[in-house]
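Visitor: I would like to learn how to read features from a model like this. Can we take them one at a time?

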Amino acid sequence: MRLENQVAVITGGAGGIGREAGLLFTSEGARCVLTDVDEEKGAAVVEEIKAAGGDAVFMRADVSKAEDCEAMIRCAEETYGKLTCLFNNAGVMLGDDGDAESTTEDIWDLTMAINVKGVFFGCKYGIPALKRAGGGTIINTASFVAHLGAATPQLAYTSSKGAVLAMTRELAVIHARENIRVNALCPGPLHTKMLMDFLDTEEKKQRRLVHVPMGRFGEAAEMAKAALFLASDDSTYVTGTEFLVDGGITSAYVTPE
Ligand code: NAD
C-alpha cells in the first residue's frame with residue numbers, strides 16, 4: 001500500500017481525473033474526502049469506492065468559495081483526524097473562451113476564480129492542516145497548455161494554468177523546509193468529458209491528435225497514477241516540478257504520420 005496512513009482531499013472528485021484518483025488513492029490505503037459541485041456524481045463515486053472496500057466521503061464544495069474550501073479541509077480533519085495530501089484538481093474550460101478579442105470579462109473572471117483562486121483557497125486552508133500533520137504533499141493540476149501556445153485559442157484557460165505553475169513553484173520553495181512538497185501535474189489532451197465536450201466532432205478530435213506523438217488521447221486513470229507517484233514516498237525528493245504526462249505533445253515539432 002503506497003498511501004497507508006494518508007488522508008487526502010481531492011477536488012473535482014466527481015469525474016475524470018478526480019474520480020480515478022479517488023479510486024486509486026483509496027485502493028492504496030488512503031482515506032479520502034472527495035469534493036465537487038456535482039453532488040450526484042460525487043456521491044456515486046464514493047459508493048463505488050466503498051463497494052471496492054475503500055474509505056471515502058463526499059462533500060459539496062465549490063473551490064471558488066473560500067468558506068467551502070475551509071470546510072473541506074475541516075471535513076478531512078474531523079472525519080479522518082488529519083490531512084496529508086491535497087489534490088487541487090478541479091478546473092473548468094469554458095466553451096466561450098477564445099482569443100483576446102472574443103473572450104468576455106465574465107468568462108475570464110469565472111475561469112480564474114475556479115482554476116486559480118480555487119488552488120489558492122485549497123492551499124490557504126490546506127497548508128495549515130498539512131503543517132499540523134507534520135507535513136505532506138500538494139498536487140495542483142495544471143495542463144500542457146501552460147507550456148505551448150495554440151492556434152485554437154482558450155486564452156483564459158491557458159493563462160489560468162500558467163498561473164497554477166507559477167503558484168506551484170513559489171509554494172514549493174516557501175514550504176520546502178516544512179516537509180511539504182508541492183508539485184504540478186500537467187496532463188496532455190485527455191479522453192475525459194472536459195475535452196471531449198470541447199472537441200465535439202471527429203474532425204476536431206483528429207485535428208488535435210495530429211500533434212500527439214503517441215496518436216491517442218490520455219486516460220484519466222493514467223493521470224491518477226502520476227498523481228499517486230507525487231503523493232507517495234516514491235517521490236520524496238520531488239518538489240516544485242511540472243510533471244508532464246502528455247503523450248509527448250510538448251516535445252513534438254513534427255509528429256509521425
Ligand atoms: P472533468 O470535467 O471530467 O472533471 C472536472 C471536475 O471538476 C468535474 O467533476 C466538475 O464538476 C468539477 N468542478 C468544476 N467546477 C468546480 C468548482 N467550482 N468547484 C469544484 N469542482 C468543480 O475534467 P478532467 O479532465 O478530469 O479535469 C481535471 C483537471 O485536469 C482540470 O483542472 C483540468 O483543467 C485539467 N486538465 C484536463 C485536461 C483534459 O484534456 N481533460 C488536460 C489538461 C488538464
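Visitor: In this predicted model, is Asn 5 buried or exposed?

Guide: Start with the relative accessible area. Over 50% counts as exposed. Asn 5 has 56%, so Asn 5 is exposed. Asn 5 belongs to the segment before strand 1 (7–11).

Visitor: What is the phi of Asn 5 near?

Guide: Phi of Asn 5 is near 65°. That is a positive value in a residue other than glycine. Asn 179 also has a positive phi, near 65°. Look for Asn 179 in the loop between helix 6 and strand 6 (180–187).

Visitor: Which class does Asn 115 fall into, buried or exposed?

Guide: The cut-off for buried is under 20% relative accessible area. Asn 115 has 1%, so Asn 115 is buried. Its place is in helix 4 (residues 105–115).

Visitor: How does Ser 64 count, as buried or exposed?

Guide: Apply the under 20% cut-off again. Ser 64 has 14% relative accessibility, so Ser 64 counts as buried. Ser 64 is a loop residue, between strand 3 (55–60) and helix 3.

Visitor: With which side chain does Ser 64 make a polar contact?

Guide: The partner is the side chain of Asp 62, at 2.7 Å. Asp 62 also faces the ligand: a polar side-chain atom of Asp 62 lies 2.9 Å from a ligand nitrogen atom.

Visitor: Which other residues place polar atoms by the ligand?

Guide: Ile 17 uses the backbone: one of its polar backbone atoms is 2.8 Å from an oxygen atom of the ligand. Lys 161 uses the side chain: an N or O atom there is 2.9 Å from a ligand oxygen atom. Taken alone, the ligand exposes 830 Å², and the protein buries 91% of that.

Visitor: Where does the ligand sit, and how many residues surround the ligand?

Guide: The ligand sits in the largest pocket. The shell around the ligand has 27 residues. The closest are Ile 17, Asp 36, Asn 89, Tyr 157 and Thr 192.

Visitor: What is the shell made of, and which helices supply at least two residues?

Guide: Read composition, then origin. The shell divides into 15 nonpolar, nine polar and three charged residues. Helix 1 (16–27), helix 6 (155–175) and helix 7 (193–198) each supply at least two shell residues.

Visitor: How are the C-alpha atoms of Lys 82 and Val 57 separated?

Guide: Pair the chain separation with the spatial one. Lys 82 and Val 57 are 25 residues apart along the chain, and their C-alpha atoms are separated by 14 Å. Now take Val 238 and Arg 181. They are 57 residues apart along the chain, with C-alpha atoms separated by 7.1 Å.

Visitor: Where is Val 238 found?

Guide: Val 238 is in the loop between helix 9 (220–231) and strand 7 (242–245). Its relative accessible area is 24%, so Val 238 is partly exposed.

Key: Residues numbered from 1 in each chain as written. Predicted model: local features only at pLDDT ≥ 70, side-chain atom pairs only at ≥ 80, totals over all residues. Heavy atoms only, no water. Near = heavy atom within 4 Å. Polar contact = N/O pair within 3.5 Å; in protein donor to acceptor, adjacent residues only side chain to side chain. Areas by Shrake-Rupley, 256 points an atom, 1.4 Å probe, with all protein chains shown as cover. 1 Å grid on protein atoms, 1.4 Å probe; cavity = no way out; pocket = protein on both sides within 12 Å on 5 of 7 lines; lining within 4 Å. Sits in = over half its atoms within 2 Å of the grid points. Helix = DSSP H or I, 4+ residues; strand = E, 2+ residues; numbered from the N terminus. Nonpolar A, V, L, I, M, F, W, Y, C, P; charged D, E, K, R; others polar. Buried < 20%, exposed > 50% of the residue type's maximum accessible area, 1.4 Å probe, protein only.
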